[in-house]
Amino acid sequence: MYHRSSSLGFGACVALAALVVACGDARSRTTSAAADTAAANVTGAFVLRDDFGDTLTLRAPPRRIVSLNPATTELFFALGAGDRLVGRTHFDLYPPAAQAVQDLGSAIPPNVESVLGVRPDLVMLYASNSNRDAATRLHAAGVPTLTLRIDHIADFRRAVEILGRVLGDTVRATVVADSVRRTLERVQTAMQGKPRLTAFWKAWDSPVIAIGGGSFLSELVEIAGGKNIYGDDPRPAFDVTIEDVVRRDPDVVFAGPESSERMRTAPAWRALRAVREGHILIVDTMLVGRPGVRLGEAAVSLARLLHPGSLP
Amino acid sequence: MNGRPRQAVLYLVLAGAMVLAALAGLAVGPVRLTPAEVWNALGGRGNVTAVAIMRDIRAPRVVLAALVGAALAMSGAALQGTMRNPLAEPYLLGVSGGAAVGAVLAVAGGAPFGLVPLGAFAGAVAAVMLVLTIARAGGRRPDPRVLLMAGVVVGAFANAVIMIALASAPADSVRNALWWMMGSVAGATWGQIGWFAAYGVASAGALLLFAPEIDVLALGDDAAAGLGVNVDRAGRRAYVIASLLAAATVAAAGLVGFVGLVVPHLVRTRAGSRHRAVIAAAGLAGATLVILADLVARTLRAPSELPLGAVTALGGVPFFLFQLRRFR
């Protein structure tokens with residue numbers, strides 16, 4: 001029996017670890033500067049150091065790319081390289097054209113054999129500790145592998161720049177980056193002088209998971225004229241007690257459609273002023289879910305929710 | 001002191017401890033409330049937030065924790081007596097593995113999250129029945145050793161099913177189900193408490209009613225048969241009631257380990273050898289322990305929570321090791 005309960009405990013730990021990973025992994029954050037050391041050497045090959053500290057050498061722009069991060073998948077399409085994708089994760093559903101790319105399963109950690117099976121000449125990974133083993137194996141198999149941590153808006157800008165250089169199209173990368181930056185600035189400017197509403201972002205119901213300061217969503221809330229009640233916590237996401245949310249007394253709550261409905265009907269959430277006053281703002285989880293090329297659009301949608309009528 | 005007054009003192013002490021634990025559970029939380037505010041809010045007076053905190057967050061947690069703790073401790077006390085094994089516990093006969101499989105399969109099959117507890121209960125019941133059937137196939141009557149082996153085998157099987165579900169079902173949902181299995185009373189609602197209380201009181205009453213049979217079974221099968229007890233039927237009755245009570249706790253709060261193992265031992269030396277007294281005292285002590293464990297779970301790592309099952313196990317493991325030493 002003790003074998004059994006310990007095995008179940010193990011299963012639960014795996015589940016926990018996976019959840020933490022899914023929400024981002026703040027502790028293993030490597031310095032963002034690591035990936036910036038890129039240079040073209042004498043032979044014309046392109047050398048890059050990624051967020052795992054691994055060195056990547058590309059002799060020509062990749063033609064068969066596996067992107068195991070929804071944010072980079074979106075980005076490849078935006079950079080006009082969508083037709084070079086030969087593999088994606090189960091969760092990469094945007095843009096719609098991405099759904100035609102082969103689904104290689106849930107990404108963290110990836111099934112290395114499936115990845116090798118589509119014969120990629122570049123694999124993009126998210127810099128989670130759970131991917132470290134896969135990165136090592138892919139390197140060992142001679143497959144160029146680039147691991148990037150994309151959690152913040154600044155990480156996205158950096159990823160655009162790096163992928164532009166990888167694809168050999170820095171002009172287009174600059175256009176994409178500028179377009180996102182301009183939209184974000186427009187929102188930020190429009191929200192100046194508006195009252196700062198405090199906001200609780202509920203990412204999950206059981207357990208209740210809050211978005212913290214380590215997530216780009218927290219930055220988007222600030223840009224859109226709000227203030228995340230858990231913005232002072234450096235983690236991207238973590239579970240919280242309902243009563244702690246009540247203590248912080250947010251003006252509004254951001255939640256997905258189903259999550260909002262559950263919140264409205266659960267007696268315990270009646271303790272929250274924002275819920276009693278009907279200030280649950282329903283977010284389009286597909287739009288705001290990832291730090292990709294639609295960051296600007298996401299900021300616009302949040303600003304419209306926080307301050308209706310303030311943006312055209 | 002002779003038996004009766006001594007037991008009365010024991011019950012008074014245990015009930016007093018439980019009331020104190022409950023008061024602590026009601027008074028402590030992230031939002032600071034004065035004792036007067038706590039009292040008024042419980043009565044529905046004062047500001048709306050305080051009333052909702054007391055009536056819809058803290059009170060349901062405390063009450064559900066008490067019920068779950070009492071149920072697990074009583075179930076454990078009954079099983080230890082019936083199996084004549086001091087290390088028997090409520091999840092022994094397949095409850096934990098079966099419940100986990102039920103919960104995970106419910107989620108993997110696309111059931112809404114609200115049906116997960118029902119899935120867990122169905123899985124636990126199925127596993128208990130399977131264990132009892134296997135044990136009977138092995139011999140004339142459910143020998144405790146055969147039962148134990150059957151429990152381990154069914155548990156291993158359950159693990160395999162969980163692993164397969166983990167590997168093939170949508171990751172988020174299975175994770176959600178497993179998280180839920182780790183034990184928590186965070187989502188306690190009065191509706192849930194209502195059905196659990198009804199089920200728990202009936203099962204606990206049955207355990208207390210059949211406690212004299214357990215006294216006889218604890219003497220050994222031959223002695224019990226010699227005293228005119230139908231060993232097979234009495235044993236099976238105790239196994240089924242105790243295991244299904246534990247299954248209901250899983251549906252209400254996930255897996256809360258070690259309460260059922262530890263608490264009966266804590267009270268046995270003082271409650272005497274009669275199982276009616278041991279079971280009743282274990283119920284009071286179990287309620288106290290889980291109320292306090294929940295208080296620790298929700299305050300130690302604020303604003304986040306620790307899994308309730310982890311807190312009870314952290315306290316329980318050292319005791320378990322101590323027990324092992326004593327029995328060597």
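Helices (H or I, at least four residues) and strands (E, at least two) are DSSP runs, numbered from the N terminus. The model is predicted: local features need pLDDT of at least 70, side-chain atom pairs count only at pLDDT 80 or more, and totals for chains, interfaces and linings use all residues. Residues are numbered from 1 along each chain as its sequence is written, and chains are lettered from A and ligands numbered from 1 in the order in which they are written.

**Exercise 1. State how many helices and strands chain A and chain B have.**

Step 1. Chain A comes to 12 helices and 13 strands.
Step 2. Chain B has 14 helices and 0 strands.

**Exercise 2. Compare the radius of gyration of chain B with that of a compact globule.**

Step 1. The radius is taken over C-alpha atoms, and the globule rule is 2.2 Å times the number of residues to the power 0.38.
Step 2. For 328 residues, a compact globule would have a radius near 20 Å.
Step 3. Chain B has 20 Å, which agrees.
Step 4. Along its principal axes, the C-alpha trace of chain B spans about 65 × 60 × 35 Å.

**Exercise 3. Describe how helix 6 and helix 12 of chain A pack.**

Step 1. Axes are lines fitted to C-alpha atoms, for helices over the stretch in contact, and angles run from 0 to 180 degrees between N-to-C directions.
Step 2. The axes of helix 6 (residues 170–191) and helix 12 (residues 295–306) of chain A come within 8 Å and cross at roughly 20°.
Step 3. Angles under 35 degrees count as roughly parallel, over 145 as roughly antiparallel, 65 to 115 as roughly perpendicular and the rest as oblique.
Step 4. Helix 6 and helix 12 of chain A are therefore roughly parallel to each other.

**Exercise 4. Classify the packing of helix 4 and helix 5 of chain B.**

Step 1. Helix 4 (residues 95–108) and helix 5 (residues 116–137) of chain B pack at an angle of about 140°.
Step 2. Their axes are 6 Å apart.
Step 3. Helix 4 and helix 5 of chain B are therefore oblique to each other.
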